[in-house]
Amino acid sequence: MTALPEETTKALGLVIDLDTCVGCHACAVNCKEWNTGGHSAPLTDEDPYGGDTVGVWFNRIHAFEVGEGDMGRTVHFPRSCLHCETPACVTVCPTGASYKREADGIVLVDEDLCIGCKLCSWACPYGAREYDHDAGVMKKCTLCIDRIYNENLPEAERVPACVSTCPAGARHFGDLSDPASAVSELVAARGGFDLMPELGMKPTNKYLPPRPRTNTRKEADSAGPMEQAGGFLGLLDRVFSR
Amino acid sequence: MCACRCGVRVHLRDGKIRYLEGNPDHPVNKGVLCAKGSAGIMQQNSPAKLRKPLKRIGPRGVGPFEEIEWDEALGIATKWLSDIRKTDPRKLAFFTGRDQSQAFTGWWASQFGTPNYAAHGGFCSVNMATAGLYTIGGSFWEFGEPDWERTRYFLMFGVAEDHDSNPIKKGIARLKERGAKFVSVNPVRTGYSAVADEWVPIRPGSDGLLVMAIARELIAAGRVDYDWLARYTNAPWLVIDAPKHPDHGSFARDADGNPLAIDGRTGKPANALRSDIRVKLTGAVEIEDGVMARPAYELLARRCMETAYSAEVAATRTGVSADHIRRLARELADAAFKEEIRIEQPWTDWAGRRHTHVVGRPVAMHAMRGISAHSNGFHTCRAIHILQMLLGAIDCPGAFRYKAPFPRPCPPALKPAGKPGEVTPGAPLAGSPLGFPTWPGDLIVDEKGAPRRIDKAFSWEAPIAAHGMMHMVIANAHAGDPYPIDTLFMFMANMSWNSSMNTSRTIEMLTDRDPATGEYRIPHIIYSDAYASEMVPYADLILPDTTYLERHDCISLFDRPISSAEGPADAIRHPVLTPDRDVRPFQDVLIDLGVRLGFPGLLTGEGAARYPGGYADYIVNHERRPGLGLLAGWRGENGDSHGRGAPNPDQIERYKENGSFWSMELPPSMHWNRHANAEYLAWAKDMGFVDTTDQIVLQIYSEPLVRFRQAARGHGAHQPPAALRDRIDTYFDPLPMWYPPLSHGAADTADYPLHAITQRPMAMYHSWGSQNAWLRQIHGSNAIYLHRDTAARQGIADGDWIWVESANGQIKGQARLMDGVERNTIWTWNAIAKRKGAWNLEKDATEATKGVLFNHLIPEFLPGRARLSNSDPVTGQAAWFDLRVRIRKALPEEAGEAAPQFAPLPRPPGLDPAPDVLRYGEEFHPRKKPLRRTLP
């Protein structure tokens, strides 16, 4: 169906830090507000004030618990298109509407070619595709192509909206094909990983695992009494300057 | 929009908002923006926006309303208000909710002449503010912040997800990057607690006991910064220890009023404020015949060494094991003393001595509503500050740092007005309605000791209610206790729903009539809000406000500042959109009303309006004291002075040129130890933050509390009513203490074994988020969260409908099971549930069909007949989180809809039904032709 480029010049993508993400949804909403007036405008909301609201979001945040007892933790997990190297959503597309760009590796949808068949959303194992029922076309994360190449913006702001707004500094943007890029170095330093690599999509986006906790709870709790610095009685004859 | 007060850049296209983003230069958010901020487009686009002044023409709570012109609306308000201003100004109760204009609204109340004013602090965080101001002359959040760059150990207590959200998120990320340890004490493991290195699941209301037990471990081991205590606190001051003496518990003072300490060289009492004496922290000395006195530190140590504060006893009530408590104490001490920081920064202390460096104790603490929303919250918060002080961890590198205008004296010198003789018909109040009492003579009570404010703030029931008690206004006004009022005037306060305790009863009180006259018990209600909230149908007159993007606002150093630890800052908001409906900024309306009512502060000598340009004019030209106005930046005729200076007509323009804020960085010699830093104190005096350059001595022992306790023991002219004598004696303890929340002693805790608490999610700002088409897709309803094991014991599965019962009522909602919650606690998101028809939501909106409101379960009074509010006995802070409940599985036929349900509210006139689809932004698409294909 739709062919992939043999290789891309760059592999632009996101690095998402699960250590500091507090699940605040800032990235999701800032993505929505940028993109509803951007490349894929609008990000339609149906029944927006009723009981069955369905909206188009390119970035969704999930929270779940893993582990038990002292080992348990709550994980916040932002989910958006991973701009895979071998994305099934593109190869499955019957019209060429879904495509991967040779220059930067970004996966996009040409809405004029999209027939709304939804094969891509069935093919994407990450659930990253968003069907706009109202417009009848598939939409998805564009990595904010209308920001990152936007010469009207100061250079420092030419990053995806989700990256610029993240209060926890948990989102990073760059070229993951360049081992010297800041994002590649971050991935190397923090043990960044692919989401579900066994599916063979070779995702470009990486996730950083939670850092090991500075918590040696069990052993420390049973340690002896606190080091004594003279104790309360040691204070009796002492005087202190003002 | 929200109390974090981030700087936002608004990008417009063809008069519509294209994009909102954080201002990278702004001192609060430094370019980031949270979900609420980014969803501002939908706040502006809300179909719930009120469109025109409304007059009720049917019964309260039912309507209908009719649209009226502003002239008529302001005429009605002026008529009601001028009648009472001329006769008894106290008959106006003026209370505001979530606004940032307290510096102005408090002044307005004072000009009207009523003491019955407060903002929402009484049900929010007054325990934090008061305990902090009386103890360290500052507090958390606006008043201070952790040293994110240097702390090694960050201990956070009870911080709900929505608090100070962007700065805390940024700070935590920075801590983790640096490898510092982050411990979160919280019954719930979500939000910040989810990323903590260690989550300490504590039983609600027992944090103070944990803190006291930690303090005991430190004191017993002598791992205390004695030098710091001796230099910067009242630890060495001598306390009179003679139970029969009228001044028992007060500080021993010399003839000039200076506190005394034991001079280590002579063993005799000497002026404790002298810089050249060497003091003792223990011992006893005779100060007059047969009257002994002991240093405050010794009394604190004795208190902490009581068996009640042993780790073993604390473990039984907190759910945190004794070994765990000891480890926390050890880790805090290790971080403070073994990881001491030394910065080669010269500075000069209060006594003029030059120092070559500053010493840092890299332990930072932060706390919020999980601490403050309990009836023991004042003492718990004080205990946290004392723990900081034991470690010497205040305003030094790595610790909590003050933000200007703090530190201020403990407490600030402002006293509340409203006593007999201070309220005069037709004239302003003789002072500010709010302040900081330091002895019984400061109370706002009559000759018999009975309350004189409608909320009973500053009475013997809540002597240090520094933020008022908004949560009691409707109940007291309805009961005519202490007296009936005529007009209740509220702004942005959803009192008929999520801002009241006992919501169902509050709704009845708002609509209740006096059978003798047929009139409503609360005769007139004026309400201002931008949106069709649940409160709108209960008002008689609606003055519709603009959105936050359509008006001027002022984030003043007089109010809730946005300063950083490096220096002061303030900000404005200026209108970027013109309202498309007949609404006016609330502050402009207050100024208009004030002119009509003849407020002297709003009129020129000739009787003309002094601020014809409305609130923007007031922001620039109003002076509190000569040279001091709401904004500190670009003052003076040429705009070249900061802090003090004459009004500058171009001031707002200068703010706009600078990204709508002003900030100033203090020199590094003024960054530390500001309570005792001569250079800083001199600057603060010049700015009007403090009245003298005296050292601000921090208070491990609180003498103002003793003065109330001694009154309760029969000393002095101002005596509490007999019924409150024991209560004052117990809770006005000058030393920190822990006691079970007040209602727990009375309620049968065996019948209601679970605690129930709430928090707001990061993506919602109070009740204002649910009309927001985007935010309600994130939090469209709220479940009842509980621990898997707790649920299993009652056969409750995830998704089951359950009843939650308290002594006050019952609610029904859906259970969600989790591991990350303390086993004796259930919780939910606050202010998500909505009443059907409110906020212009459809009747099947999940907020109404599935959302639950814990407020129905919470009584506004303590058990018993005394009408004592369910609040902290020191500050009057609403004790939302003292709630005890039990749960049971609902019957199969009861599943499907939340309870209780109320009659749907009518849509106010002028509002169109909410749209079925939103295609916001399609007009911005370069394609310019809407793409709309509907496939089968």
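Start where the two chains meet: colour chain A and chain B separately, and you'll find 69 residues of chain A in contact with 93 residues of chain B (contact means that the C-beta atoms, placed from the backbone, lie within 7 Å). Before you click on, know that this is a predicted model, where local features need pLDDT of at least 70, side-chain atom pairs count only at pLDDT 80 or more, and totals for chains, interfaces and linings use all residues. Residues are numbered from 1 along each chain as its sequence is written, while chains are lettered from A and ligands numbered from 1 in the order in which they are written.

Helices (H or I, at least four residues) and strands (E, at least two) are DSSP runs, numbered from the N terminus.

Now zoom in on β2(A). This strand pairs with β37 (residues 917-918) of chain B, antiparallel, over 2 bridges; pairing takes at least two bridges found by DSSP. Click A:Asp45 and look across: B:Leu918 stands opposite in β37(B).

Next, hide chain A. Chain B splits into domain 1 (49-124 + 428-556 + 583-657 + 906-936), domain 2 (136-235 + 301-405 + 698-731) and domain 3 (744-894), with bounds from an automatic or database domain assignment. How far apart are the centres of domain 2 and domain 3 of chain B? Taken over C-alpha atoms, 29 Å. Where these two domains touch, 25 residues of domain 2 of chain B are in contact with 25 of domain 3 of chain B. On the domain 2 side, α13 (369-372), α14 (377-390) and α22 (722-731) of chain B each give at least two residues, and α22(B) has the largest share, 3 residues.

Last stop: select β31-β35-β32-β34-β33-β36 of chain B, a closed barrel of 6 strands with mixed pairing. Inside that set, β32 (residues 784-787) and β35 (residues 825-829) of chain B pair antiparallel over 2 bridges. Click B:Leu786 and find the bridge partner, B:Ile826, in β35(B).
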